Amino acid sequence: MEKVIEKAYGKINLSLDVLGRRDNGYHDVSMIMQTVDVYDTISLSKIDGDDIRITANTKELPLDDNNIVYKAIKLIKEEYGIETGVSVHIEKEIPISAGMGGGSADAAATLRGMNRLFNLGLKATKLEELGLRLGADVPFLIRGGISLAEGIGERLTELVPFPECAILIVKPNLGVSTKEVYENFDSLSEVKHPNIGSVVENLGKSQLCDIVKLLGNVLEEVTVTKHRIISEIKQLLLVNGAVFSMMTGSGPTVFGIFESEQEAEKARLVLKKRNEFEMVEVTKCRYGQ
């Protein structure tokens with residue numbers, strides 16, 4: 001095989017709780033992660049020599065060893081003694097610095113792609129183990145679907161699928177530093193924690209309208225304090241038919257959950273007319289790769 005193409009699906013956090021900070025700076029979390037049908041495309045090819053060459057459809061990405069895709073290719077090459085050169089093109093659709101795991105999704109897709117390109121025969125569990133060396137979200141994004149993520153995000157428990165719905169993703173024209181959000185979270189004196197156990201327990205048993213009442217993100221309060229636009233987007237989504245809206249990850253992207261694709265599409269047209277958001281896209285929960 002001389003070339004492979006992998007889709008790198010982004011994610012939203014249906015719930016996110018931070019339980020504490022470790023001495024090494026990492027945080028213990030409890031999250032419900034869900035992949036969505038918004039994706040980057042990673043194209044990997046064998047080339048002469050032993051170089052790693054990266055191109056992309058955006059100037060916002062580094063094209064050297066600072067890129068997580070480069071690190072993923074290098075990891076596989078070193079781990080399995082691969083001396084063949086690799087060329088990779090990254091076609092970005094997931095917004096950058098959006099809280100949707102775009103970089104981690106690209107790394108996950110690259111690991112899957114390298115496995116296929118060089119016929120390594122690695123099982124998903126091994127790819128997840130390697131992915132953890134690149135980032136805490138990478139193991140989940142290798143797997144996809146819906147999972148409870150614990151520890152620093154690496155302990156995964158597959159969950160019953162989320163009720164059928166449409167999701168409208170809205171990304172304002174700004175980026176957020178995850179590191180800064182967590183640092184600001186650490187300084188909070190009071191935190192209202194979501195009951196993630198209740199969400200897990202009710203999946204597969206309760207209706208959409210009941211489950212959404214249980215969802216929450218402890219980081220939202222931190223990011224909203226600095227970026228009021230997040231609250232405005234949430235309100236716009238609710239006014240335009242969403243049964244629920246919330247920020248994903250450390251932000252600034254907000255998603256709205258709708259009972260049907262038609263309702264989500266109506267809201268998309270309203271928000272798109274404002275011409276002030278980087279992304280306004282209807283999507284759905286994604287299962288499998």
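This is a predicted model: local features need pLDDT of at least 70, side-chain atom pairs count only at pLDDT 80 or more; totals for chains, interfaces and linings use all residues.

Me: How far apart in space are I47 and G135, C-alpha to C-alpha?
Reply: Along the sequence, I47 and G135 are 88 residues apart. In space, from C-alpha to C-alpha, the separation of I47 and G135 is 27 Å.

Me: What is the radius of gyration of the protein chain?
Reply: The protein chain has 10 helices and 10 strands. For its 289 residues the globule rule gives 19 Å, and the chain's own value is close to that, so the chain is as compact as a globular protein of that length. Along the principal axes, its C-alpha atoms fill a box of roughly 55 × 45 × 35 Å. The radius of gyration itself is 19 Å.

Me: Which strands stand at the edges of the open sheet of four strands?
Reply: The strand order in this open sheet is 8-9-7-10, with antiparallel pairing. Two of its strands have a single partner strand each, so one side of each is left without a neighbour in the sheet, and these edge strands are strand 8 (244-247) and strand 10 (277-283).

Me: Which residue in strand 9 stands opposite F244?
Reply: Strand 8 and strand 9 (residues 254-258) run antiparallel and are joined by four bridges. Opposite F244, the residue in strand 9 is I257.

Me: At about what angle to strand 9 does helix 9 run?
Reply: Helix 9 (residues 229-239) lies across strand 7 (166-172), strand 8, strand 9 and strand 10. Helix 10 (residues 261-273) also packs on the sheet, where it touches strand 7, strand 9 and strand 10, and its direction makes about 165° with that of strand 10. For helix 9 against strand 9, the angle is about 15°.

Me: Which helix gives the largest share of the lining of the largest pocket?
Reply: The largest pocket has a volume of about 1100 Å³ and is lined by 40 residues, of which G101, S104, D137, T178 and S250 lie nearest its centre. Elements that give two or more residues to this lining include strand 1 (3-21), strand 2 (27-47) and helix 5 (178-186). By class, the lining has 17 nonpolar, 16 polar and seven charged residues. The largest share, four residues, comes from helix 2.

Me: What is the volume of the second largest pocket?
Reply: This pocket is lined by 13 residues, and the closest to its centre are K192, N217, V218, E220 and E221. Its lining has five nonpolar, four polar and four charged residues. The volume of the second largest pocket is about 210 Å³.

Me: What is the phi of N119?
Reply: N119 is found in the loop between helix 2 and helix 3 (124-132). Although N119 is not a glycine, its phi is positive, at about 50°.

Me: Which residue does a cis peptide bond join to G251?
Reply: The omega of this bond is about 5°.

Notes
Residues are numbered from 1 along each chain as its sequence is written. Side-chain values use heavy atoms; hydrogens and water are left out. On a 1 Å grid over the protein atoms alone, a cavity is a set of points where a 1.4 Å probe fits but cannot get out, and a pocket is an open set with protein on both sides within 12 Å along at least five of seven lines; lining residues have an atom within 4 Å of a point. Grid points are joined across faces, edges and corners, and a volume is the space filled by probe spheres set on the points. Ala, Val, Leu, Ile, Met, Phe, Trp, Tyr, Cys and Pro count as nonpolar, Asp, Glu, Lys and Arg as charged, and the others, Gly among them, as polar. Two strands pair if DSSP finds at least two bridges between them. Contact means heavy atoms within 4.5 Å. Axes are lines fitted to C-alpha atoms, for helices over the stretch in contact, and angles run from 0 to 180 degrees between N-to-C directions. The radius of gyration is taken over C-alpha atoms; the globule rule is 2.2 Å times the number of residues to the power 0.38.
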